[in-house]
Amino acid sequence: MKVFLGLIALAALLFFGAGPKMVDERINRVSDHAPYVISEDAKNLHANLFIGDWHADSTLWDRNLSDRHQYGHVDIPRLQSGNVSLQMFTTVSKSPSGLNYEANSDESNDSITALAIIQRWPLKTWNNLTERVIHQANKVRSIANDDADNFILILSKTDLADYLNRKKSNPKLVGGLIGTEGSHALEGEIRNIERLYSEGFRMMSLHHFFDNKLGGSLHGLSGAGLSNFGAQAVNEMMRLGIMIDVSHSSEKVVKDVLSIVNQPLVVSHTGLYGHCQSSRNISDALMKEIASKGGLIAIGYWHGAVCGNSPKDVAEAIKYGVDLVGSKHVSLGSDFDGAVMPAFDTSELSALTHELLLTGLSEDDIRSVMGLNMLNFLNDHLPD
Ligand SMILES: [Zn+2]
């Protein structure tokens with residue numbers, strides 16, 4: 001999640017009678033662009049790719065994801081148009097107004113409280129971050145129940161195998177997973193990790209835009225490493241088989257986590273500092289260390305991560321990543337619906353394949369990055 005309209009702006013929208021739809025439309029835009037021209041080679045390759053995306057905040061918004069929309073970035077019909085097979089839905093629970101990449105306090109007004117209220121989320125979500133992410137997870141579960149021909153929730157290796165099987169006769173079937181954005185969603189309680197696991201969460205990120213009980217955010221005030229509580233949380237995640245996402249964590253936290261984990265890490269939405277000198281991105285050296293221990297670096301589609309928002313800009317970031325850490329460690333992490341403005345929504349993803357071919361990446365490397373790496377990682381790290 002990048003730039004967010006502040007609480008005041010949201011309150012103003014509400015005051016002037018704007019509904020949640022208008023907030024969503026204004027916050028999750030696609031920048032104007034001419035229709036993308038896709039080569040025949042790229043069309044053919046794209047149609048045969050298995051594609052997965054590690055990060056979209058779509059459940060934060062009041063949008064029925066089973067219907068196709070003209071605004072926002074992701075819904076099931078648009079995932080199908082873009083030939084996307086797997087989507088991790090990351091649930092956002094707190095986001096300071098006026099947020100930036102440099103320094104945010106956890107004391108500033110929280111925009112998600114305003115969103116929860118104007119979207120008429122259940123009362124219990126207004127003051128409780130755990131309830132907020134569970135509410136969003138329930139939305140994903142509802143799609144799987146109500147739209148079973150198009151969408152399946154994946155919780156285990158068995159579910160993943162079942163999904164791949166069903167996809168043979170129903171190629172449009174989309175698989176979804178649930179993750180958190182920031183472990184403040186635990187409300188300071190280790191036991192909430194198990195509770196969230198039982199609610200279907202299979203990946204947890206440690207931080208968002210501010211320091212929390214686990215340690216320092218990359219955009220917080222302290223720059224601190226992993227706290228004792230953070231180390232306990234990471235151990236509990238490992239015990240349960242929850243994948244760990246270090247996007248938005250301070251470099252110290254990432255190093256501390258690397259020193260205690262016995263499973264590879266995911267950076268679910270990022271750019272690479274050597275390619276885009278943004279304070280949103282951690283150092284290339286640290287990315288190489290994450291990759292050398294089997295981790296995945298998932299490249300985002302927005303300006304703060306890749307210094308541009310076009311398919312060409314994203315392709316260049318991916319090419320840089322492949323050259324830096326190898327094609328087996330680069331993945332996709334759009335940050336769609338995360339208050340960013342890419343120049344394409346998920347239905348237009350063949351434009352990325354087109355641009356990746358132009359960078360000179362091999363078809364095998366493109367297959368890995370676009371989805372096979374995510375598929376293999378899930379196959380290795382989801383619980384049985
Ligand atoms: Zn984010």
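**Figure 1. Strand β1 and its pairing with β2 in the predicted model.** D53 stands opposite Q87, a residue of β2. The two strands, β1 and β2 (residues 84-92), run parallel and are joined by four bridges. Between them the chain passes through helix α4 (residues 76-81), and this β-α-β crossover is right-handed. Strand β1 spans residues 51-56, and six of its six residues are buried, so the strand is largely enclosed by the rest of the structure.

**Figure 2. Helix α8, its buried residues and what covers them.** The helix runs over residues 191-198, and its buried residues are N192, I193 and L196. Viewed down the axis of α8, these buried residues fall within an arc of 110°, so they line one face of the helix. The face turned away from the buried side carries R191 and S198, which are exposed. Helices α6 (129-146) and α9 (228-240) are included in what covers the buried residues of α8, as are strands β4 (174-181) and β5 (201-205). G200 follows the helix and has a positive phi, near 105°.

**Figure 3. H248, a residue other than glycine with a positive phi.** The phi of H248 is near 75°. H248 is placed in the loop between strand β6 (243-245) and helix α10 (251-260). Is H248 buried or exposed? H248 has 26 C-beta neighbours inside 10 Å; because a residue with 20 or more is classed as buried, H248 counts as buried.

**Figure 4. C307, in the loop between α12 and α13.** Helix α12 covers residues 303-306 and helix α13 covers residues 311-325, with C307 in the loop between them. C307 is a residue other than glycine and has a positive phi, near 55°. With 16 C-beta neighbours inside 10 Å, C307 counts as partly exposed.

Figure 5. Along the principal axes, its C-alpha atoms fill a box of roughly 50 × 50 × 40 Å. The radius of gyration of the chain is 19 Å; a compact globule with 384 residues would have a value near 21 Å, and the two agree. Of the 384 residues, 53% are buried. Among contacts between residues at least 6 apart in sequence, 74% join residues at least 24 apart.

Conventions
Residues numbered from 1 in each chain as written. Predicted model: local features only at pLDDT ≥ 70, side-chain atom pairs only at ≥ 80, totals over all residues. Buried ≥ 20, exposed ≤ 12 C-beta atoms within 10 Å, placed from the backbone. Pairing = 2+ DSSP bridges. Right-handed = clockwise from strand over helix to strand, strands pointing away. Arc of directions from axis to C-beta. Contact = placed C-beta atoms within 7 Å. Rg over C-alpha atoms; globule rule 2.2 N^0.38 Å.
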